[in-house]
Amino acid sequence: MPQIIILGVSIIVLGILYLLYKKKDLKIEVVLKVLAVLLFTSYVIGLNFENALDDVFNVLLVDVKSTEPAYAPDTWIFSPGMTVFIHILRWLTTILIAMSVISSFIKSKHAKFLSTFLGPVLIVLNLIFLDQHLIAVYGEVNYLKYRSILIMIQIMITIVIVTINWFNLIKDKLWPNKKEVRDTILLFLGSLIFLMPLGFIYNLFGKYGEVAENFNKVHLFLISLYIALIFVIYFALKKRTFETRKMFLTYMVIAGVFQYFYLERRGYGGLPLHLCNTAVILLFIAYVFNSRRVFYFTYFANVLGAFVAIMLPNYSSDVFSIGVMHFSYSHFLVFVIPILSVALKIFEKPKLKDMRKAIGIFTLYYILVVFLNAWFNNYESVDYFFTYGFDITKRFNLQWLQTDYVASFTYKGLTFKFFYVYQILLYLGFVFLMFMSWYVYDLVYQAIDNQAALIKKQKEKRIEMNKLKEALGSKNLSDPIKPEYQDKVVIEHFTKRYGSSKKKAVDDFSLTIETGYVYGFLGHNGAGKSTTIKSLVGIQSITEGEMYVCGYSIKSQPMEAKLRIGYVSDNHAVYERLTGREYINYVADLYRVDPKDRDQRLEEYLEKFQLGFAIDREVKSYSHGMKQKLVVIASLIHNPKVWILDEPLTGLDPASSFQIKQMMKEHADNGNIVFFSTHIIEVVEKLCDRICIINQGKLIGDFAVKDIMKEGADLEKLYLTNHEQLEAAAKSQEKLAKKAEIKLQKEAKKKAKKEKKDA
Amino acid sequence: MLSRLKILTILQLSNLTEIKRNKRLFAKIALRILRIVLVTIVMALVVYLFNNFLYITVNIYFVIVMILLSQAFSIGGITSQLMNSLYESKENQILMSFPVTDNDIFISKLIVSYLRELLRSLNFIIPLLIGVGIIKDMGFSYYLGVIVLMFVLPFLATTISSLISIQLTFFKNLFKRYSFLPVILGSVVFVALYLLVSYGLSFLPDQIRIVQLYHSFTNNLYDTMMAISNYATIYKVAGYILYGQNLGLWYPVFLITPVVLFVIVYLLIKPLYFKLASLTFEEARSKKRKAQNEKSNNLFIAFFKKELIVSFRSFGDTLSHYSLLLMMPFVMLIINSIYMRMNRSLNGNTYVLVFNIIITLLIATSSNTASATAISGEGQEFVLLKTAPSDTKTIAWAKILFNILISTLLIFISFVVFRLALPKFPALDLWLIFILVIMINISHIFWSFELDILNPQLNQAMTLGTLRNSPNISKSIGIGFTLSFIAGILALGGTFILGPYVWILLFGLAILLLIVRFVYFRSYLSAYFIDIEM
């Protein structure tokens, strides 16, 4: 009879909705949301009462630990088979209700599929076994009790939602493909664990477990299980879409609410004011209203509270008893959901200001519970957030903190007691732990990000190595990749950008430097000379293009390339606490110079540069010129094929300057390459065989100095003319580039806004 | 002269702060005032607590001792800052080239120092004095006195510090010339401190009963404060002024004394300042060292040798990195001497053990700032590592080994000193703590180094010449704090649950941490070192 009423009413409602949809263009999404809210509310209201089924004990006769008789059929209301079946039916129906609610609010295909395909089967079973369901609740069949009516309403609403989902599925042809079916099944299996009926194991197996306490086997098992589940859920959802991740976590939040209200709660002690109990409600609010403030409060305060509760449980009964299962579920979900929400990017990583707001909310909560404890303890024993009872102080033998420092007053016959020292210390201790947890979270997330970046980097390096091996073919890794460039330095389409800047410090620069030349590199300040040189010697990376030193690529064969380079930097950085000789020996060790060669060359250069008198003194005592000479000697100690100097004559006296210029000429004459940057035209005129000019990161020209002189041209005028003309061209190019950049930025902002809106 | 002073002072102040450029100046000032008000409220509560709960009499002697203590800290801080600012700061090269006299530079630096100290005094001593005034219901003359002190105390501290800085700079230059002197002096100070601490601890009774002894403790404290106040000289006068005693006599004394001090400083420094300040920029003659070309057998030895030489030749800098570790034996000695004299239950012994673990780890890990700036500290010299055709990341292993050796040695010395000084402390517990601290400390060294590899501050080192503001240092210290407290919590919980087997848990976790940190460090070094750019 009631089944007919349920079906009849459902059909009438569906009919009305269909007519409204056809004639009045009714928005189905809104209808689904209203129905979902009704379904959720009716289910939660119906939860918070005792169930007859929860008193059934040890149906499968497995209990070996209980002192009670293992055989307790007088508690059974069904046969063992039916008991198992009813449990499973209630289990799956609760999942169906949760998924139906979620699918109405979140665009998740999987929730929709679960609701759509699981729905008809479970609806039919619920209709068939309605009486058994009511017996499980009341111990008898009574259709007129209000929970019975609620159950019937839930079935009706579920029928309507499932039918609408089918309607949409057929209309839009959104049939799942194989992958979606597989994922939906996996998600379903994963979702089973969170809505298992709390009395399930107890009813079937009795007092099978032990009391979990003091890190015994059962306690350690529970802790390991929680930690393992966090990782399992994380890795299972990590690569899914945002909608799927959000769907599953919302499901967990709803599961938290359902499991929390499963147990009947009466009196002041039943109010959800204990921190972790409050968290269940707060997480629901945070998810439903997308409230950052509420979420981050749970993230900082509730996770910590749940963690402490998990580590220091206060169980007095068997781990599989309903009370303990309820405690475990609530605390596990409160512990896990905030962590996973941030890890899976449902909510952003918190900033310090979120932490401060969380402390503010916690402070208000704390003051409230301290006051309520003082008030409600006039009527019954309550201990919200352990601010009143002796649980914590007893554990550490510090009861005197509470008993010795009490403040109280009486108002209208009620006594309000405050253990002020203990309560202040507890507050400060918890806030301190919140800060610590913030720090630990930060470390952990950084570690995870760093690890991900590391794996990516290692993969990139492997790819680079494979590319190099491919390019070399049958040759050794120590062979030049471009043997045809053996006696040259070749720069091919070199481009350099710093960081994420779009501006190019050097743009498509190509140059070939032959052996036997002193090659000057001219350009104004900020033209890109040092950038080019630093990339050539390996100090900076190359954004685009390639650079070859004697056939070796500086990008993929850096060791071989650098072995052939001697470099004098523009700021002669030297270890000032070493003596000159110690510094040279240090450099010689880095360049693997033979002792015989190093002795001979050092003596030779010391004589040339007249540095012998100071070579065994600390570099700290050297003048600028002496330091420069030392760096020059260090750069030549391994007799490099390519000698690169970055503005080597800056700040030198004429004698020192002359000595270095002589060295440069000599080195080039010995069949080597000398490449140096400068902006002193006179030096270039006298010293260089060839010059190239760079301006605003672009190569202007590559000239033979002799040819310029033959034509009677003035090098200074040539440089300045080119410089001025091209400065003008470069400026207009810069304007164009800036405009393009602004346009790109605007487009990127629009795109980000759109994505946020969609999310 | 006044206009030159004004310009020099503003120049130096704007180098330190962003006053002129700051658009939110009023908001910052308002926030600062709010902070001072909050601190004052806290101080008032503290004074109330002292007076009504801890039974420490808050009277003129208390005030004098507080002023004296805050001045002692201020003088210490200002002296160190003045030594750098007056005689060693690189900006002196620029200032001395301006058309100003040396005295102008000197006085402007004192003014800058005074202003900084004035602001700093608003963070502690002034709020404390106001707090005392509120709790003790003092009259108008007290608050007037506080205002006067607000301006005069920083002046006193600055002038005294400038006098001390002359002596200290002289000795510092002497130490530069004779490098064996700081080693000898350091050893003498270390031994003297040890003897002093031991002597001080010998006054503690054999049995400390805090509750029973508290009354005599407060009495002794009162007598001590009274005795100190009698010798507090000008600070005693400050106390008289606050408490309205003989104002006609003491106000003039209090106001004239700093002026007289300043005149003395000015007369003393006039002939000396330029000589002392310019000495820093003159080429230091350093002695000749061994004249032999030595080849290192491998890269690691080359790097390690370089680290050794540079560290020993900049002994002062090296010492400053590990100064906290040098304090470790004293801290352990004092704390445990008190604990050993207390009547402890079994739980009490557990707490003692846990506190020792936390404190030794806090000190040890806070000394690993050298590791947190190991790569960044290379500064300009990192060019060599970028351009050399060798596996230059080996330098990281050389630096790590060096840091591990030094810190382990210093920690070992600390524990030996502690063991000799307090044989009552259970030897087994002591050496188990030692092993645990070493393992966690080495893990922390790897972790700190890793921070520097991932976020090198080469630019800061190159441009500022210092890494004081490196974020890696604060991160390293934060991680050290976290590790210390986690170790303490595990030790506490583990002892209650596992009893003596807690060491298995702690060692197991410490070894796991060490392995994990080693593996991570190795991976990050291989992946990121080569890509560090300058």
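1. In chain A, an open sheet is built from 4 strands in the order β4-β3-β6-β7, with antiparallel pairing. Strands here are DSSP runs of E with at least two residues, helices are runs of H or I with at least four, and both are numbered from the N terminus; two strands pair if DSSP finds at least two bridges between them. Because β4 (504-514) and β7 (552-553) of chain A stand at the edges with a single partner strand each, one side of each has no neighbour in the sheet.

2. This is a predicted model, in which local features need pLDDT of at least 70 and side-chain atom pairs count only at pLDDT 80 or more, while totals for chains, interfaces and linings use all residues. Residues are numbered from 1 along each chain as its sequence is written, and chains are lettered from A and ligands numbered from 1 in the order in which they are written.

3. Within the sheet, β3 (residues 488-497) and β6 (residues 544-549) of chain A run antiparallel and are joined by 5 bridges. A:Ile491 stands opposite A:Met547 of β6(A).

4. The contact between the chains involves 47 residues from chain A and 40 residues from chain B (two residues are in contact if their C-beta atoms, placed from the backbone, lie within 7 Å). On the side of chain B that touches chain A, α12(B) gives the most, with 6 residues.

5. A:Val587 touches A:Ala634, A:Ile637 and B:Leu384, leaving aside residues up to four places away in sequence.
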